[in-house]
Amino acid sequence: MRTRAAVVDEGTKEFEIRELEVDEPRTGEVHVRFVASGLCHSDLHLVDGDLKPRYPMVAGHEGAGIVEAVGPGVTKVAAGDHVVCSFVPSCGSCRYCATGRSSVCDLAANSVIGLFPDGRSRFHGDGRDYGGFCMLGTFSERATVLQHSVVKVDDWLPLETAVLVGCGVPTGWGTAVYAGDVRAGDTVVIYGIGGIGINAVQGAAHAGAKNVVVVDPLEFKRSTALSFGATHAYADAAAAQAAVVEMTRGQGADKALVTVGIVDEDVVSAAFDVIGKGGVVVVTGLANPAKLTVHVSGAVLTLFEKTIKGSLFGSGNPQRDIIKMLDLYQAGTLKLDELVTSRYTLDQVNQGYADLVAGKNIRGVLVHGQ
Ligand SMILES: NC(=O)c1ccc[n+]([C@@H]2O[C@H](COP(=O)([O-])OP(=O)(O)OC[C@H]3O[C@@H](n4cnc5c(N)ncnc54)[C@H](O)[C@@H]3O)[C@@H](O)[C@H]2O)c1
Ligand SMILES: [Zn+2]
Ligand SMILES: [Zn+2]
């Protein structure tokens, strides 16, 4: 089946739209027609070279659509079902899934390679095999994906909005609620208000944090965060540090959540300094894996019993949390509609990323033609 997709290739400086062929679903696979795809910073890392994928690669990992066909042995969904894709698959049987830690399912090992567990790709063009980012490739109008990557959602939900629970919303919310274990009365500092950080704000507010302090150089991001439950907003880490010392009577924050676009040593050090005894830093933002971005005093780590931890998919369970986020949305306790700043067509994908880089979007969403 033919499709159009935004791809990255060796040497490309931006996403390129190419016509590709998609395989029919094999055993355990489903063919999805994507309705929408969120524009997450992680796809930009593929273009900027922070993450080096196997080329060529169909980008996009935050997607929602309609199942058009299923391969043999698929029991989870049927043709016509509405689905949100999880950028981390859950096989249900690897060591991590079996012990309730499906955010680190072994199947995700192929995310940046983009090939399926059989070592083959599902997209083809110009005589070459194209991977799909996170074994998805949601910047394609259609894709064949593992049934482990999809979660069936209620038909009446608008997929252009529900798409956000494929990455940004559960990743940010879970960074606060699961990885950060934010408790009622906590002081939480969140660095970087994009699609991830804004949902960390929602999660921290939800969990009952007393002070939800955000740091972002952009005024638009700070004012938006305040409308999503942040209590204080600062343009830089030094101003936040001074304010947190004041508001906690010198004790420091309980949790610091790092959700900036490209993590560096400075922001991790600022987060480490802003937490007090027993405090936790969660690093959810990404950087080039070859760069060392955590440089802290081991003595302070020990003497203050501080923790620094990473988090993938908000350390949640995609199968449960994708549904949970949509339930909270329908209950009116989680904002989704307000997260979408702008919508784009597939051909406007580079404009969408220019807007992300310029700091204009909380989340941009690509809506595929029908
Ligand atoms: N761990 C995971 O599971 C996971 C999942 C999705 C995305 N990510 C990563 O999370 C990060 C954020 O993604 P996004 O889509 O929200 O990005 P984004 O570009 O939309 O937002 C990042 C924000 O950080 C701000 N910022 C940049 N440097 C800063 C600094 N030093 N201090 C304070 N604010 C700063 C920017 O102004 C921007 O508002 C990316 O690195 C992305 O790859 C991780
Ligand atoms: Zn993402
Ligand atoms: Zn697994």
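Predicted model: local features only at pLDDT ≥ 70, side-chain atom pairs only at ≥ 80, totals over all residues.
Helices in what follows are DSSP runs of H or I with at least four residues, strands are runs of E with at least two, and both are numbered from the N terminus. By that definition, helix α1, residues 41-48, gives the most to the shell around ligand 1, with three residues.

Residues are numbered from 1 along each chain as its sequence is written, chains are lettered from A and ligands numbered from 1 in the order in which they are written, and side-chain values use heavy atoms, with hydrogens and water left out.

Let me stay with ligand 1. It is surrounded by 28 residues, the closest being H41, S42, D216, G261 and S311; a residue counts here if one of its heavy atoms lies within 4 Å of the molecule. Backbone N or O atoms also approach oxygen atoms of ligand 1: that of G261 at 2.6 Å, that of G195 at 3.0 Å and that of I193 at 3.3 Å. On its own, ligand 1 has 870 Å² of accessible area, and the protein covers 87% of that area (Shrake-Rupley method, 1.4 Å probe).

I turn now to the zinc ion, ligand 2. Which atoms coordinate the zinc ion? They are SG of C40, NE2 of H61 and SG of C167, at 2.0 to 2.3 Å. Donors are N, O and S atoms within 2.8 Å of the metal, or 3.2 Å for Na, K and Ca; water is not among the atoms, so sites may look incomplete. Along the chain, the donors follow the spacing C-x20-H-x105-C. H61 lies in the loop between β4 (57-58) and β5 (63-70), and C167 in the loop between α3 (159-162) and α4 (168-179), so this pair ties together parts 106 residues apart in sequence.

Finally, helix α7, residues 237-247. Its buried residues are A240, A243 and V244, where buried means under 20% relative accessible area, exposed over 50% and partly exposed in between, with a 1.4 Å probe and protein chains only. Seen down the axis of α7, these residues fall within an arc of 100°, so they line one face of the helix; the arc is taken from the directions from the helix axis to the C-beta atoms. The face turned away from the buried side carries the exposed residues A238 and E246. Just after α7, R249 takes a positive phi of about 50°.

Conventions
Polar contact = N/O pair within 3.5 Å; in protein donor to acceptor, adjacent residues only side chain to side chain.
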